[in-house]
Amino acid sequence: MNRIINLLRNSHHILVVAHNNPDGDAIGSLIALGLSLDVLNKKTTLYNESPIPAVYRFLPSANRIVQHINNTHFDVAVILDCSDLKRIGDAASMVSKIPVIVNIDHHVTNTRFGHFQFIDTSACATAEIIYRFIKKMGVPINKDIATSIYTGILTDTGSFRFSNTNRLAFEICQEMVEVGVDPYDIAKQVYGTYSLGRIKLLNLALDSIEITNNGKLSIMTLTQDMFDKTHTRHEDVEGFINYARNIEDVKITALIKESCNSKGDKGGVNTFHISLRSNGTVDVASIASTLGGGGHPNAAGFSTESTLSDIKSILFEIAEKV
Ligand code: 5GP
Ligand code: MN
């Protein structure tokens with residue numbers, strides 16, 4: 001940690017990046033680190049390939065996160081919440097030319113890319129690690145930084161329900177509340193804002209649920225047609241997987257999302273993202289790794305160019321081994 005902090009203190013222009021299709025931890029960590037580097041008078045660019053999901057746009061300085069990088073004269077890139085560099089998207093090739101790459105993450109599948117790594121798989125969220133960095137850097141935590149850290153921990157622990165919820169999750173969030181964070185305010189922003197389209201999409205998603213013959217694997221499918229019909233986007237799906245996950249006796253759940261930019265008649269072949277969840281008895285991080293993705297033992301994912309029926313066949317095969 002000290003080596004990374006010294007490196008940041010001695011840098012001029014730092015690029016801070018989190019994974020595409022960001023969640024609350026990716027964005028919260030990105031903003032919290034960016035605001036802390038401001039305090040150290042560092043020049044920073046905060047980057048994410050994807051638009052910021054509507055529910056996270058309330059975060060302070062969310063509008064500072066850019067979707068395009070013009071300046072290529074960075075001396076350091078800090079990559080957050082990514083188990084491998086390709087998780088940041090198309091910018092990976094440009095970023096890999098930056099002289100120093102720092103990899104800060106909490107995924108068990110982290111490939112240890114970059115020149116410096118700080119990987120702690122016991123951390124409940126990357127935001128927890130960023131909190132520890134901020135403390136070590138001696139940066140005072142103001143309400144904006146606190147809001148970002150709180151949101152990262154709240155969302156990555158599924159509101160303190162998932163197995164990664166640890167003592168520090170509560171301790172840090174308590175401190176963030178003491179700094180001025182209002183839990184009700186953040187809960188309303190993150191969980192309380194539903195568009196009508198999102199409810200209609202949920203209806204289609206619930207109707208799509210299938211369960212394998214042995215009852216151990218459930219599948220929820222969201223096609224591009226469903227997004228089009230309900231005028232929704234991938235970000236609107238956040239949380240849907242839990243409905244399929246909480247069905248009794250189900251050990252693994254898969255949520256299949258068809259990618260929005262891959263329409264066209266290619267014999268049903270399209271880009272799909274598959275989210276996997278486990279009830280704690282199966283390691284889905286290793287399943288996702290063998291399919292080109294990664295994640296945590298109970299929450300992982302991968303992307304593939306394939307057909308819906310081929311993806312389902314793979315999932316049915318997995319179910320037979322459970
Ligand atoms: P989600 O299913 O919510 O997209 O992701 C669940 C977890 O798996 C997150 O920690 C996320 O970073 C990881 N994950 C999801 N998709 C991928 C992927 O394509 N590659 C890798 N390496 N990790 C992924
Ligand atoms: Mn995370």
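Two strands pair if DSSP finds at least two bridges between them. Helices (H or I, at least four residues) and strands (E, at least two) are DSSP runs, numbered from the N terminus. With that settled, here are my notes.

1. **Ground rules.** This is a predicted model, in which local features need pLDDT of at least 70 and side-chain atom pairs count only at pLDDT 80 or more, while totals for chains, interfaces and linings use all residues. Residues are numbered from 1 along each chain as its sequence is written, chains are lettered from A and ligands numbered from 1 in the order in which they are written, and side-chain values use heavy atoms, leaving out hydrogens and water.

2. **Neighbours of S4.** Do look at strand S1 (residues 13-18), which pairs with S4 in the parallel sense over five bridges. Within that pairing, leucine 15 has alanine 77 of S4 as its bridge partner. S4 also runs parallel to strand S5 (residues 100-105), joined by five bridges, and here valine 78 is partnered by valine 102 in S5.

3. **Burial of S4.** Strand S4 (residues 76-80) is largely enclosed by the rest of the structure, because five of its five residues are buried (under 20% relative accessible area, with exposed over 50% and partly exposed in between; 1.4 Å probe, protein chains only). In a regular strand the side chains alternate between the two faces of the sheet. In S4, Val76, Val78 and Leu80 are buried on one side, and Ala77 and Ile79 are buried on the other.

4. Aspartate 81 sits in the loop between S4 and helix H3 (92-95) and aspartate 156 in helix H5 (residues 143-156), so the pair ties together parts that are 75 residues apart in sequence. Both aspartate 81 and aspartate 156 are buried.

5. **Polar contacts of ligand 1.** For ligand 1, a polar contact is a pair of N or O atoms within 3.5 Å. A polar side-chain atom of serine 275 is 2.6 Å from an oxygen atom of the ligand, and a side-chain N or O atom of arginine 87 lies 3.0 Å from an oxygen atom of ligand 1. Aspartate 84 places a polar side-chain atom 3.4 Å from a nitrogen atom of ligand 1.

Conventions:
Polar contact = N/O pair within 3.5 Å; in protein donor to acceptor, adjacent residues only side chain to side chain.
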